[in-house]
Amino acid sequence: MDSQLSRPSTPRSASNGALENGEGIRGKSKGRQKLLRGLQRISSSPALAPFQRQRSSSSPYHGHTSLSCVSLATPNAPSPFGQASISSSYFSHGASSASSSVPSTAPTTPGLDTPGCDVSDPMLAVRKVGHPIHMTTSIVLPHHKKRLTAFNLWANMPHEIRIHVLSFLSPKELVRASRVSKEFYDMCYDGQLWTRCDASEFYQQIPAEALAQIIVSAGSFIRDLNLRGCVQLEHHRRAEMVVKASRNLVNATLEGCRNLQRQTLHDLIKRNNRLVNLNLTGLPAVCNTTLRLIAESCPQLEMLNVSWCKHMDAKAIQTVVEGCPKLKDLRVGEVKGFKDLEVAKSIFTTNNLERLVLAGCEDLSDAALQVMMHGVDPEIDVLTNTPMVPPRKLRHLDLSRCNRLTSQGVQALGHLVPELEGLILSGITTLTDSALEPILASTPRLTHLELEDLEELTNSLLSEHLAKAPCASKLEHLSIGYCGKLGDTGMLPVFRACTSLCSVIMDNTRISDLVLAEAASMVRQRAMDAKRQAISLNAQQQQPSGLPKVTLHLTVYDCGNVTWTGIREVLSRNTEPMKISVPTTTTLPTTTTDSQPSSPSSSDLTTSIFDTDNKFVTTTTTVTPINPPPTTTTTTTTTITTQNLPPTETIALKCYYGWQQTVDEHTKRVLRGSFPSARRLEAKWAQYMQAEEEERAGGDGAGRRRRRRRAREAAMVHADEEGLGGQLGEDGEDGEGIGLGMHG
């Protein structure tokens, strides 16, 4: 017994007490004892205090004193584990019961003195802990993540939004996406996605069944239908399905559908009375009856193209002009019968056309053209000798290849088409300068002028009339190809005056390298002016210069006077940096004193009297007052700075096929900003062309003399740059030596 009191002992369980007193169940297993001892140790541990449940306010043992380490040993009542009950003895004593002197647990918990309870004491041992128990702390349960269910964004999206997403796909992509599933098939063929059906991009790949299915599925949603080149709709039944499905067309293009039947075309026109633009170019099914149906069924029509329709004539055009009051664009190229003056009179009377294309109408005569412009027997102004009729609204007129026209008929356009912007007279070989002079003088808005294959035109028309015309500053496109009499004399003034040119076709003319140099100078000056204006407006801070762009297209095929030197001049100007002088104004305030004294001293007065006798001293001598008031003046200084900027505009050349590959490669390098690489290519090509030219010269004497002359010229240029021009003799021997050294 002494040995047991000499060491700390754990609280004895109720089962051990029962065995000592003879009241418990005998023969308990060792596992039961281990379990009870473990529960006792857990209940006495202070680490479990924060996890205890909050006691209710009605608890009989609620108070300021914390209770812990309750011994389970009691001999009074049996417990559920075969032990005596401890509840009666526990509630019979207060919280102030004294603890036993024998410790009930081993001092294993750091920082705490755990008082034990005497085995012989039947009462529960109660001890105070050093810190209060947190009654409000709840037990933290392990967090179980809620398993997320799969969310199908596309399936839960509204149908309208899905259609809007699919609207960003091209027609070819929609057809491919329809193969994903049945749901995608229904959505991809929704009529809202096919309001504009343009099959011209894939007409060679799509089968007739798929094309018909698209049109039938879209139905009345289709507004713009473009079947250009679709020859798949040759089957009568399939085309009939397409016609029945299309009922609300606004723009229809059937160009190239040569297998379309006439009855099918007529049904399409009858069903769509809202047509605004109709293109029937080259259809064999078009006839006079077709145009009569158009005049009756399409009152909203604004554009009609029936060029190259062989089974109709100009008489049907008269029906359309009179039946469609909103018609503004009429294209009837290669149509016969325009010698009829009644048709011309209808066009004059309506005066609604803004674009009239009569290209290839061989029957068009001077009388018919004059009636179109000023009617029949108009009143003539005595002063100007021009018809007194309302001006025409034409903006674009194409009379190319109308071989029966002469200068007398074309002169009728003068002073009657002030709104004209595009004029095409190519192929009328009999035209002279007198036909174009009144037109150029009365068309201030002219931007496109095509005069190809007019062999009777001379340089005076370009230099005296076009360069001085009111439209010179607005002219953008000029074509004088195959005009054999035009050369440098006419084109040089044009490039100086027409600074807005973007395209010039001069093939098979007499121009030379001077015209190419003038064109390059014009483009360079235009780019510098635009850049200088942008700098003055501080636009370079908002819009960076970026890479250069092609602003002038030159075509100089088969020009015998154009050499590789002129081509090189253009290539060199394309890479030459721009030197722009920009004035900079600086304002600085300065403080000065007043030159008039308020109360001068005697010495000052004497000096001022003496100074009056000398007229030169008065400009340098000043009288200082006793307290001069300070004055502030502003000094403005203007400084001119020069900036070297990369070129922003270039020229694209079409020239001799032997040089074209080099020109194209040079242009590619310039457009991507590789200016050093482009300069190296230009230098290498120039060396090659020079060597080839010397090779063709042949002979030892001529080639050698040419090389020596070029060496002397190069030496002289080098000497002038170095300031050694006076040291070279007139015979050129020193220069030749320097030149040979440079080439070597």
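**Burial, packing and salt bridges in a predicted model**

Arg669 is buried, with a relative accessible area of 18%; buried means under 20% relative accessible area, exposed over 50% and partly exposed in between, with a 1.4 Å probe and protein chains only. The structure is a predicted model, in which local features need pLDDT of at least 70 and side-chain atom pairs count only at pLDDT 80 or more, while totals for chains, interfaces and linings use all residues. Residues are numbered from 1 along each chain as its sequence is written, and side-chain values use heavy atoms, with hydrogens and water left out.

The side chain of Arg669 meets that of Glu665 in a salt bridge, at 3.2 Å from N to O; a salt bridge is a side-chain nitrogen of Lys or Arg within 4 Å of a carboxyl oxygen of Asp or Glu. Both residues belong to helix α23 (residues 657-671), where a spacing of four residues separates them by about one helical turn. Helices (H or I, at least four residues) and strands (E, at least two) are DSSP runs, numbered from the N terminus. Glu665 is partly exposed, at 28% relative accessibility.

The whole structure holds 20 salt bridges. One of them pairs Asp340 with Lys315, whose closest N and O atoms are 3.4 Å apart. Asp340 is in the loop between β6 (329-331) and α14, and Lys315 is in helix α13 (residues 314-323), so this pair ties together parts that are 25 residues apart in sequence. Asp340 is partly exposed, with 26% relative accessibility, and Lys315 is also partly exposed, at 43%. A further salt bridge is formed by the side chains of Arg526 and Glu649, at 3.2 Å from N to O. Here distant parts of the chain are linked, as Arg526 in helix α20 and Glu649 in strand β16 (residues 649-654) are 123 residues apart. Arg526 is buried, at 18% relative accessible area, and Glu649 is buried at 17%.

Over the protein chain, the secondary structure amounts to 26 helices and 16 strands. Of its 744 residues, 39% are buried. The accessible surface is about 42,300 Å², and carbon and sulfur atoms contribute 52% of this surface; accessible areas come from the Shrake-Rupley method with a 1.4 Å probe, and for residues only the protein chains shown count as cover. Among contacts (heavy atoms within 4.5 Å) between residues at least 6 apart in sequence, 76% join residues at least 24 apart.

Helix α15 (residues 366-374) is mostly covered, with seven of its nine residues buried. The buried residues are Asp366, Ala368, Leu369, Val371, Met372, Met373 and His374. They pack against α14 (341-350), β7 (355-357) and α16 (407-410). Gly375, which follows α15, has a positive phi near 75 degrees.

Most residues other than glycine have a negative phi. Asn351, in contrast, has a positive phi near 55 degrees. This residue occupies the loop between α14 and β7 and is buried, with a relative accessible area of 15%. Asn385, likewise not a glycine, has a positive phi of about 60 degrees. Asn385 is placed in the loop between α15 and β8 (396-398), and is exposed at 61% relative accessible area.

Two further helical residues illustrate local packing. Arg162, in helix α6 (residues 159-166), is buried, with a relative accessible area of 10%. Not counting residues up to four places away in sequence, Arg162 touches Trp154, Met157, Glu183 and Met187. Leu514, in helix α20 (residues 513-536), is exposed, with a relative accessible area of 55%. Apart from neighbours within four places in sequence, Leu514 is in contact with Asp488 and Leu492. The C-alpha atoms of Leu514 and Val562 are 8.7 Å apart, for a sequence separation of 48 residues.

On the surface, Lys30, Lys34, Arg37 and Arg41 form a patch of positive charge. Lys30 is part of helix α3 (residues 30-43) and is exposed, with a relative accessible area of 68%. Patches are made of residues with over 30% relative accessible area and no salt bridge, like charges being joined within 9 Å and nonpolar side chains (Val, Leu, Ile, Met, Phe, Trp, Tyr) within 5 Å. Lys and Arg count as positive and Asp and Glu as negative, with His and the chain ends not counted; the place of a charge is taken as NZ of Lys, CZ of Arg, CG of Asp or CD of Glu.
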